[in-house]
Protein chains: 2
Amino acid sequence: MKELIAKYKEQGFRLTPQRLAILEYMDGNTSHPSAEDIYKHIKAAYPTVSFATVYNTLQALKDKGEILEITIDPQKKHYDPNPKPHHHIICMGCNKIGDIFEDYSEALRLPHHIVSEFKPVANHINFYGICKYCQKKQKRRN
Amino acid sequence: MKELIAKYKEQGFRLTPQRLAILEYMDGNTSHPSAEDIYKHIKAAYPTVSFATVYNTLQALKDKGEILEITIDPQKKHYDPNPKPHHHIICMGCNKIGDIFEDYSEALRLPHHIVSEFKPVANHINFYGICKYCQKKQKRRN
DNA sequence: TATTAGATTAGAATTATTCTAATCTATATA
DNA sequence: TATATAGATTAGAATAATTCTAATCTAATA
Ligand SMILES: [Mn+2]
Ligand SMILES: [Mn+2]
Ligand SMILES: [Zn+2]
Ligand SMILES: [Zn+2]
């Protein structure tokens with residue numbers, strides 16, 4: 001975290017209290033928060049913070065490659081402070097997102113006709129499932 | 001297509017001209033249109049068609065398992081008349097989406113700690129790349 | 001301490017999607 | 001074929017996520 005801050009300063013990334021709060025909230029956070037989750041959290045300490053700041057900061061961090069934007073929840077984007085390529089599983093009940101650090105890249109060979117149409121850059125596997133909590137909820141309903 | 005219509009009638013799925021137009025447009029369509037793409041196309045033949053009808057019909061077809069909703073473009077949902085599980089590659093330049101029918105399921109084993117937290121239901125691989133057209137465009141810029 | 005490029009803010013705008021409630025119609029049945 | 005009606009369509013409002021704007025503020029530098 002301190003190294004992070006030093007690194008950002010070097011890069012001329014101005015460190016404002018709002019940005020520090022966002023960085024602190026994200027640091028090591030494995031909950032894959034949405035912009036709103038982040039906004040609400042930061043707002044507790046900085047009541048005048050705006051969504052624009054949250055989105056601007058997320059965009060800046062994304063551009064730097066420090067966070068990932070996750071496209072798995074059809075409702076909204078989620079953000080991941082772990083930029084190391086990995087995969088996700090989302091609960092179809094409550095949208096909770098889990099990390100999957102398995103490396104499947106060897107197996108994900110693309111067919112030739114695709115490679116001749118697209119230059120592949122990255123890949124990301126979305127697993128869909130039901131979390132333990134939602135499994136219980138389902139049973140209760142039956 | 002005719003079988004499709006027969007099948008829907010059996011199921012009590014009322015066949016309106018708007019729905020037929022949507023079905024015809026989707027049938028065999030590999031372009032992964034968005035709701036707006038579909039709306040614009042249908043509107044040419046049925047100028048009073050509404051977005052609500054497009055979304056309602058897509059929802060109904062999704063519920064029947066006849067189409068897939070694709071979460072790969074962070075901007076909007078795309079729809080796929082091919083409900084057979086398969087994967088996609090999206091061009092990071094123009095958002096064009098291609099099909100990948102490779103079967104990777106054997107390789108996509110989840111680690112135990114995930115399986116004990118989530119009951120897996122499905123998976124979908126998003127490949128990201130640059131299509132030929134956008135590759136050319138990039139070169140032109142250099 | 002003064003300067004200023006860049007950041008923050010409130011609120012408006014935009015975009016995708018869903019909702020509402022009035023009207024219409026595909027289908028079943030007499 | 002005419003009628004009844006459950007279900008579909010519609011225009012437009014509402015909602016939700018995200019982006020934009022332009023006025024104000026401030027972190028970093030000198
Ligand atoms: Mn993650
Ligand atoms: Mn497809
Ligand atoms: Zn859940
Ligand atoms: Zn392209």
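The dialogue below takes these topics in turn.

Mentor: Keep in mind that this is a predicted model.

Trainee: How many residues of chain A are in contact with chain B?

Mentor: Chain A contributes 41 residues to the contact, and chain B also contributes 41.

Trainee: What is the area buried between chain A and chain B, and what share do carbon and sulfur atoms give?

Mentor: The size of an interface is often given as the accessible area lost when the parts come together. Here the buried area between chain A and chain B is about 3,400 Å², with 65% of it from carbon and sulfur atoms. On the chain A side, Thr71(A), Phe118(A) and Tyr128(A) supply 17% of the area that chain A buries against chain B, more than any other three residues.

Trainee: How many salt bridges are there between chain A and chain B?

Mentor: Side chains of opposite charge can pair when their charged atoms come close. Between chain A and chain B the count is 0 salt bridges. Over all chains, a search of the whole structure finds 8 salt bridges.

Trainee: Which side chain meets Glu36(A) in a salt bridge?

Mentor: The partner of Glu36(A) is Lys40(A), with an N to O distance of 3.3 Å. Both residues belong to helix H3 (residues 35–45) of chain A, where they are 4 residues apart, about one turn of the helix.

Trainee: At what angle do the axes of H3(A) and H4(A) cross?

Mentor: The axes of H3(A) and helix H4 (residues 51–63) of chain A come within 10 Å and cross at roughly 120 degrees. H3(A) is therefore oblique to H4(A). The crossing of H3(A) past H4(A) is right-handed.

Trainee: Which residues of H3(A) and H4(A) meet?

Mentor: From H3(A) come Ala35(A), Glu36(A), Ile38(A) and Tyr39(A); from H4(A) come Phe51(A), Val54(A), Tyr55(A) and Leu58(A). By class, the residues of this contact are 7 nonpolar, no polar and 1 charged. Glu36(A), one of the H3(A) residues in the contact, is also in the salt bridge with Lys40(A).

Trainee: And in chain B, at what angle do H3 and H4 cross?

Mentor: In chain B, the axes of helix H3 (residues 35–45) and helix H4 (residues 51–63) cross at roughly 120 degrees and come within 10 Å. That angle makes H3(B) oblique to H4(B). H3(B) passes H4(B) in a right-handed crossing. The contact involves Ala35(B), Glu36(B), Ile38(B) and Tyr39(B) of H3(B), with Phe51(B), Val54(B), Tyr55(B) and Leu58(B) of H4(B). The residues in the contact of H3(B) with H4(B) comprise 7 nonpolar, no polar and 1 charged.

Note on methods: Residues numbered from 1 in each chain as written. Chains lettered and ligands numbered in written order. Predicted model: local features only at pLDDT ≥ 70, side-chain atom pairs only at ≥ 80, totals over all residues. Heavy atoms only, no water. Axes fitted to C-alpha atoms, helices over the stretch in contact; angles between N-to-C directions. Helix = DSSP H or I, 4+ residues; strand = E, 2+ residues; numbered from the N terminus. Parallel < 35°, antiparallel > 145°, perpendicular 65-115°, else oblique. Left-handed = near helix turned anticlockwise from the far one by under 90°. Contact = heavy atoms within 4.5 Å. Nonpolar A, V, L, I, M, F, W, Y, C, P; charged D, E, K, R; others polar. Buried area = accessible area lost by both parts, 1.4 Å probe. Salt bridge = Lys/Arg side-chain N within 4 Å of Asp/Glu carboxyl O.
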